[in-house]
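Have the model open and follow along.

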Amino acid sequence: MDKSEHLDLYHQMVLIRHLEENAAELYQQGKIGGFLHLYIGQEAVSTGLISARKPQDRVITAYRDHGVAINCGLSANEVMAELLGKATGCSKGKGGSMHMADPEKNFWGGHAIVGAHLPLATGLALGDMYQGNDGVTICMFGDGATNIGFFHEAFNLSKVWNLPVLWVCENNQYGMGTAVNRASAVPEIRQKADGYGIPNERIDGMDIMKVREAALGALEQVRSGKGPYLLEFLTYRYRGHSMGDPERYRQKDEVLKWEEEDPIGIYRKYLTSKKIASAKALNEIDTQAEEEIKQAVEFAESSPEPAPEELFTDVYVEEV
Amino acid sequence: MAETITMPKLGFDMAEGTLVRWVKKEGEEIQKGDVLAEIETDKATVEVESSASGTVRKLLVDEGTAVPVGDPIAMVGSPDEKIESIPTPEPESKTEKTAPAPAESGPATAKPEPVTAEPAVTTPTGRVKASPLARRMAEEKGLALANLQGSGPGGRIVKRDVESAISAQPTAVSSATTAPAQAAPQAGAALAPLPSINAEPRQDQRVNLTKLRQAIGRRMTESKQQFPHFYVAHEYKMGQLMALRKQVNQYLPDGEKLSVNDFIVKAAGLALRQYPNLNARLDGEAVLRFGAVNVGVAVTVPGGLLTVVVRDADQKPLRQISLEIKSMAARARDGKVKPDDVEGSTFSTSNLGMYDVENFIAIISPPEAAILALGSAREVPVVQDGEVVPGWRMKATISVDHRVSDGAEAAQFMQALATYLEEPLRLMV
Amino acid sequence: MTRITMREAISQAIWEEMERDPKVFIQGEEVGVWGGTYAVTKGFYDHFGPERVRDTPISEAVIVGSAIGAAMTGLRPIAELMTINFAFVAMDHIVNEAAKLHYMFGGHFKLPLVIRAVGGGGRQLAATHSQTPDVIFAHFPGLTVVSPGTPEDAKGLLKSAIRSDNPVLFIEHAAMYQSRGEVPDGDYTIPIGKSKIQRPGRDVTIVTYCKGLELSLKAAEELAKDGIEAEIVDLRTLRPLDMEPVLESFKKTNRAVMVEEGWKSYGVGAEISSRIYEEAFDYLDAPIKRVAQKEVPLPYNRTLEQMALPQVPDIVSAVKEVLK
C-alpha cells in the first residue's frame, strides 16, 4: 500500500469515530430515535477488511453498520441523514440506523434480525456463482449470531454448495450483555467453522494491518473457488451494545484496558513509527474528519423530512 | 238423478261471478265438499265446493265466462245416467258476459284502505330488528319499519318483507282526505332526474279498472253521496299497550306475535258493546243494532283491498284474533279468500300506521254505521307533570253515519276505546 | 384448451419459465434428484441440470434466505417449501426479510423471488403437517400471497409470480394436485391481484379460494337442485385483495357465505366479511356466515379429520341459513 492509501484508511477510521461520537450526542438530544449501535473500538475490522476487497466483492453486515457503510463508500452526509430519518438518507429515511445500504457500492445492508443476513449472504454468493461472476460475498456478523439457527444453516449450505462467501465474525466478546463464554459452546468462534469443514483463522482485530493482511489472504482463497472461509477478528466495543446500555455486564477497568489498545492509536503508532506519515499530518486528517462530520450533521439537520406519500411507496415494486 | 250445481251467491249483494277455472274435469269423481271450480267475484277469487257427490257429468260454462248468481254451471251425477236436458238459465238473470260490472253496487265489504300493519320485532333497546338493506329500502319508499312484520330469523325485517309491503301499497287512497297515496311513498325517495327539454311527447296511459276497483268505486260513491258523514278524532296514550305487547310477545313464537292492530280490534269490539248504536246500520226508519260484534279489518290485495272480518271480536282472546287476522289476510293476498272471511262485518277498521300516517279519515263502508281510521303509534313530545317528555301516542278518527248517531255518542265511544287502549290489561280480563 | 391436472399446470409453468429465462432457477428439498415430493419437478433435474434445479439441505431459513440473496443479485429464484407447515422455521426470512427489504432500504433492492409452499389437510398427516396458515402471511404488507383453485389459474398465476419483481408466496394444496381443469394452450399469464367469478348466480355470494373453490362448486350444484343459484367469487390472490367482484356480487345478492380451509378465527373470511360490512353495509340483508375448519389441531384419525375440515354439506347449510 502506498502513503495515500494509508492516509485514506486512517481518514476512514477517524471519520467513523467522529461520526459515531456525534451520533451518540444526537441520540441523547432526541434527534435520533430507535436503536443506535456504535462501532467505536471496532474501526480496524471493517476498515481493514473492506480495504482488501475488489470492486466486485459484496459486503453485507448486521446492525452495527455505520462504519461499514462509510468503508463501502457511502458519504457521511447520507449516513447521518439516514440516522436522522431524512429524505436524503441512504434509505430515504425509511430504514434508520440498522438498515443502511447501497447496492451500487456493493453494500447490501445493514440488517436487524440477528443472523438473518447470513442466509442472504449465501444467496448473494449463489447469485455470483450462478452468473459466473468472481465476486466474493463478505458477510460480517457478531459473536452472538453464531448461536442462532440461521448461522448454522448458512455455514452448512455455503460449504455444501461451495459458495464464494468470506464469513467474518467480529468477536467483540459480548452478545449484547452476554459474554461469549456464557453463550457459546466453544470458546473460540472459529472452532464452529471446523464443524462445517470451513477453514478458519482468529486474528487480532484491533490492528488494521493484521486485519487487512488476513482479509487479503482469505479473499484470494475464496475467490479461487475453494469455498467459504471464516475469519474471526477479536475486537472490543468501547461503548455499550447500543445507546442506553447500562453495561452492567462488564467492569469499567476492562473497558479502560481495551481503550489503551485503541485501534486508531495502534494505527497511528504504526504509521508514525514506519515514517509513513507524521503525527501532524494525522492530526490534520483528524481535524478534517471532525469538520466533515460537523458538516454532515448540518446537512442532515437541514435536510427535509420524507414527504407523507413516501409512507406508501416501496411497499411493492410497481409492475409495468 | 243428476244434480245441478249453480253459481253460488258468495256475498249478499253479489250478482254474478266469473268462472275462472274448472278444478274438476268432466268424468272425474267428486265428493260433496271437494273443490269444483274457482270463481272470481268482485271481491276475490274463491274456491267453490261441490254440493253433490258423484261423477262430474257436465261442465256447463266455459272458463272465463261471467255467470249470474243462481245459474247452472255443472251437473254431477252417476256415471252412466242419461242427461236429458241441460237446464238453461232464467232469461231475467242473464247479464252481459263482458267485464263491466253489474248494475247493482259492488260487494259490501271492499274498502279503500291498505293492509293492516303488523308492527315489527324490537330489540331490548327498542330498536326495530331489520337488515341494513331493508332499512334503506324502507326509507327510500317512505315506509315506517316499526309497522312492518319481519320474516327473517328472530322476526328480522328483511328485503322480501319490504318488497311485499311495497307491492301491497295501494296506488290511491280513494276515500282519504289526506294527499293521494302517490305522493306518500315517494317521501324518502331520491329526486327524479330533470327531464330534458326536448323530450319526446309523453303518451297518456289507459289502465282498465279491475272488477275490484270498480266495486270499490261504486260503493264509496254511494257511501259519500248517501251517508251523511261526521268525524270525531281522538289521540290515544299508547305507552302501556306498547309495553304490554312487548311483554306478551316474549312468550309467543315468531309468526304468532301480536300486533298493535290486534289490540285495537279487541278494544273496538269491547267498546262497541257499550255503544251498540255504532255497531249498527240504518234500516228504513229504524236503526238495526247488530247482535254480534264482527270487526272488519282492511287488507290490501292486488288491485285493491278487502275487509276481512273477525267475528265476535269482543269475545275472542287476543291471540285468536291475531291468528285469524293473519291467516285471513294471507288468504286475501293470495286470492284465496273464503266467503266467511269477508262477510258479515258490523263495524270496520282501517290502519295506515305502517306508512307513518299520523291520522286520516275513512269513508264508511255501506251499510255499516261507522268506520275507525287509525294512524301510527309514535313517540312524540308530551306534557307530563308540567314537563315535556317523550310518550307514545296514536291518533284515530271515527267516521259515523249521522242518521244513526251523533257527535257526543261518537266522542264517548272514542273515550271508551281509550279505556281499553290506555289500560290494556282490561282487554285481558 | 387442454385438460390437465393441477400438478401438470404448476409443473408446466415452472418449466416454461425456466426455458424462457435463464435467470429462473428452483431450489428446495428433494426438488432435484427425487423430482419433487409432489412430482412437480419430475424430469427437471435431467433437463436443466444441478445448477438450476438445486437440492438443498433441510434448512428452510437458508432455502428462503439464499433465494432472497440471489434475487437481490438479479436472479429469479423459486424457493420450494415442501409444506407450508415448514414455513414457520423460515418465518423471519419470509415476513421480515422478503416482505420488507424493498421498503426498508428505500427501494434499493428488488426481490423477484417466488416461494412455493404446499398447504392443506385431509390426508391424515396430523396437526403439524396439515395446516392452512395462509392468513398469517397475507397479513404482511410487502408480501404478495397467491393461492389458485384451478389448473388454469395456477399456471397463469405462477407464471405471473415468476415474472413479477415482487416477492410472491404461492400457496398450493396437497390434495388438489390431481384436480383437473381446462388450460389454454401456449404461453399465457393471469394477473395477480384479481378475483374471479367462477360461477354466476343470483341468490347468494360465496367467497372462497383454493380448496374452498372445489367444495363451493359442489355445494352450488347441490343448492341448484333446490332452486338456489349461488354466485362463487374466487379470490385467487389474498394480498393484494381484489374486493370489486365480491362487492359487485354482494350488492346483487345481499347475502354471503365465506368458505376457507383455515380456521375461522382471525381468518380470510373475517377479513372479507369486514370489508363487506364496511363497504356494502346498506346492501346487507343477513349476517355473513363463515365456513371454515373447526377450532382444533387437525387429528390423525380419518373420520375425525373429515369432521374437522369444512365439507360440502357445511356450505350448503350455511347458504340456507343466510337465506332464511
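Predicted model: local features only at pLDDT ≥ 70, side-chain atom pairs only at ≥ 80, totals over all residues.

Leaving out residues up to four places away in sequence, C:Ile94 touches C:Val64, C:Leu81, C:Ala87, C:Ala99, C:Ile115, C:Phe137 and C:Leu143.

## The nonpolar cores

Zoom out and you'll find that C:Ile94 belongs to the largest nonpolar core, which has 112 residues. C:Ile94 is among the members that touch the most others, along with A:Phe141, A:Trp167, C:Phe137, C:Ile272 and C:Ile276. The top contributor to this core is helix α3 of chain C (residues 60–72), with eight residues. Because domain 1 (2–183) and domain 2 (196–323) of chain C both supply residues, this core lies between them.

There's also a second, separate core of 73 residues, including A:Ala23, A:Val79, A:Ile203 and A:Ile276.

Now look at strand β8 of chain C, residues 180–183. C:Gly181 and C:Val183 make up its covered face, while C:Arg180 and C:Glu182 sit on the uncovered one.

β8(C) pairs with strand β1 of chain C (residues 2–5) in the antiparallel sense, over four bridges. Within that pairing, C:Gly181 is the bridge partner of C:Ile4.

## Where chain C meets chain B

Here 11 residues of chain C are in contact with 11 residues of chain B. About 850 Å² is buried between the two chains, with carbon and sulfur atoms giving 50% of that area. On the chain C side, C:Asp282, C:Asp285 and C:Lys324 lose the most area to chain B, together 53% of what that side buries.

And how many salt bridges cross the interface of chain C and chain B? The rule finds zero.

Key
Residues numbered from 1 in each chain as written. Chains lettered and ligands numbered in written order. Heavy atoms only, no water. Core = buried A, V, L, I, M, F, W, Y, C linked by side-chain atoms within 4.5 Å. Buried < 20%, exposed > 50% of the residue type's maximum accessible area, 1.4 Å probe, protein only. Helix = DSSP H or I, 4+ residues; strand = E, 2+ residues; numbered from the N terminus. Domains from an automatic or database assignment. Contact = heavy atoms within 4.5 Å. Pairing = 2+ DSSP bridges. Buried area = accessible area lost by both parts, 1.4 Å probe. Salt bridge = Lys/Arg side-chain N within 4 Å of Asp/Glu carboxyl O.
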